[in-house]
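Hi there,

Here is the structure I promised to pass on to you. Have a look at it first, and then read on for what turned up in it.

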Amino acid sequence: MVTAPIDTSTLSKYTVNDSATADLLTDGEIRSLLESSAHQTTVSCAQAQSDVDLFFRMLHSAYCAYYYFGQDKFETAEKNVKEWVAQFSTVNVSDLERKIADELSFARDAHAIFGAAPDESSTRYEYFYVKDLRLYKGEDGYYKLDNGERWYLKTISDARVTVELTLMDDGELVYAPVLLVPRTEVKSCIIAYQNEAGKTRSETVSWTESQAYSGFQTRPDVKSFQAKGIQYISVRSFMGEYGIDLQDFINSGKEAQTAKAIIFDLRGNHGGNDGYGQSWMRSFIGKEARYTVAVGNRYSKLRAAAWNEGEGLAGQFVRYEQTGTFLPNDIPIIVLVDDGCASSGESMLSFLKTMDNTIVIGTNSGGYQLCGNNISVTLPNTGIYAYFGVSLTFPFVMENVDRKGYDPDVWCSADTSLEAVLNMMVRYNVTDQAAADKVAEKAIVKYENVTLKYGDAAVRPGETCGSGQGEYVLYPMLDGKVITDYTYTMSSNGVLTHSRAADDGIKVQVVGGGYETITVTVHGVDYRFRWFSDASSSAIGEIPKGDLTLGFIGSTVKPGERFGAWKWMYDIDVLVGGQKVTDFTYTVEKDGILYHQKTRDGRIAVTVIGNGETPFIIHYNGEDYPFIWVTEGFDGDVCVPEDPENFTLEWLGIDIYPGASFGSWEGSYRLIPMLDGKPITNFTYTNADKSVIRDRLLDDGTVEVTVVGDGHAKLTFTVNGKDYSFYWAAFTP
């Protein structure tokens, strides 16, 4: 599955290039979709009709699965919604949301929100099993034991039921019936048996629905430890706001290299950023994972506005596919999965499957794969929210697994799968009971309702609080009441001095800038909180009045706020009253975190080159507007000199900045080296990956590249003795 080529013969039907769709939305309509509009209770018929018309034109122009699910279905849905709206002089917005969701129920896209949240009871697959039923495999088929007598399975009345390898709670590997269907489709089932004497009997099955992991899931819950060679690793989220915790997760890959076996717990991992999973792979095995996948990336003017991209590809899909590589690995890895493992959690699952000696135990995963890289919008009149993807993705096969997910290798109810795996490892002599008990004790944690009182606020574990100056007393609380039976530790980053206060609170004094992690231990369980101090940022003082903000990957950043990303290159717009302005200057105080330039079209291009934070100050109309850029978890390979000049490449009329990934999957192109916006010829360059692109220097001083293979090519240009790297991305169908 990992390495088999994918049959993409139907991909062209789903990824239709139509330049006419590029102009389905006006610039004003795009701005109205990306600006947050208040949710209304009722609107006029004309306002509702206007929003419905805009909504379906938006999907036609930008939604990656528009042609996959069928243009005719969307047009029928639009007709039905408009006819429904026309009945009313005043339209209830909640009813309109439900009508839109009902009409688009054919679009089985687990990431998408079209109006109201969909009712998934009839489409989301659940794992059902027969409690305590154990089947064994003999020469004459599957049988169960009844007082030592073999009763062979003859028939199952429901053809959807299969017999699969199953792990019981006591650790025994057996075979058992598996029913994987939506809840609404569970029906009566009869299993017929026959003993060796030819006697038959039938039993009506009583199905039990598997329960998902029920642990604490509002933070990554990163754990990594070894017990007698058994490495346990858990991670419940890949969301970027948990960068510090996720750096611990990445580091666990290196720790796991010494293990004799790994339990990798992905239950409840609701996703986030695939980059953390790939970073773990590099940490553990030294390579990124590569599995078979076909992708169609849809470009539109809406996408360009949301992500500060150029509009040159609007109306087009860029298609690519890759065939996977199977990686040698000698350390057995048991992956625990439930149907709460979704999106980037499933990407991590797929990464792990690319390694030998990996087995998946649990239930089907969540099934959040078809559409990724989502855009959020609100309709201007009604305030109806929509969320949809621009990247159509088919991992392994050209099949939609949304709301069904991937099957495990061994089935097991997810809420008890860790205990069952530990029992299995003891039963089959992989480890001893003492080691299993130690893993269970440290991994199976019962979290309580612990918060940290900071002023009048109750801060939850994983959240950030704090100030850049002053003295405070923090009070650990359990179920809303201050407690004294706790211990605590500080990460000692030079941000706070601390002591136990006379009233048993935690007395802290701000002495520096940055983050401090406060770990409070209650009843043997650790709860981590983060204090942030901007004391090191002299620019963050009184913020001037005005409506200047930054536009950053579809979000609005206000003065004094912290923003940023952990990797790659971004364009930042300076906005006044929501409109882009270009007559500004800016300063970034600390080097080594960002490579930055003001672009020819009046944006700020930044490339992440290191970890840390820095004041980011916009100077406009005689006032200084301070922001703070933060990078946590950077592990990229971006080559930008310490004292860079204004060097760029021009490609298809677009400025490409050092560190950026750009390119196409086929064809030949000219790259124009530019210094301070003007073409130059006094440079040299190297192409590190000639199997991906072929290059040649032309007489006019430009560089011609021709795509010849799959993958990334690193181009490094040397100008005035300084190196600048760029990354060409090529994936040929």
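Aspartate 676 is exposed, because its relative accessible area of 55% is over the 50% cut-off. You will find aspartate 676 in the loop that links strand E46 (668-675) with strand E47 (678-679). Its backbone is worth a glance too: phi of aspartate 676 is near 55°, a positive value in a residue other than glycine. Please keep in mind that this is a predicted model.

Where does aspartate 132 sit? Its place is the loop between strand E4 (125-130) and strand E5 (136-138). With a relative accessibility of 57%, aspartate 132 counts as exposed.

Four strands make up an open sheet, in the order E25-E32-E31-E28, and their pairing is mixed. Strand E25 (464-465) and strand E28 (487-490) stand at the edges; each has a single partner strand, so one side of each is left without a neighbour in the sheet. E28 and strand E31 (residues 514-522) run antiparallel and are joined by four bridges. To find your way along this pair, look for methionine 490, which stands opposite isoleucine 518 in E31.

Now for the protein as a whole. How many helices and strands does the protein have? There are twelve helices and 52 strands. Along the principal axes, the C-alpha atoms fill a box of roughly 95 × 70 × 65 Å. The radius of gyration is 28 Å, which agrees with a compact globule, because 733 residues packed that way would give a value near 27 Å.

As for the interior, 53% of the 733 residues count as buried. Among contacts with a separation of 6 or more, 69% are between residues 24 or more positions apart.

Enjoy exploring it, and do write back with any questions.

Best wishes

Technical notes. Residues are numbered from 1 along each chain as its sequence is written. This is a predicted model: local features need pLDDT of at least 70, side-chain atom pairs count only at pLDDT 80 or more; totals for chains, interfaces and linings use all residues. Side-chain values use heavy atoms; hydrogens and water are left out. Helices (H or I, at least four residues) and strands (E, at least two) are DSSP runs, numbered from the N terminus. The radius of gyration is taken over C-alpha atoms; the globule rule is 2.2 Å times the number of residues to the power 0.38. Buried means under 20% relative accessible area, exposed over 50%, partly exposed in between (1.4 Å probe, protein chains only). Contact means heavy atoms within 4.5 Å. Two strands pair if DSSP finds at least two bridges between them.
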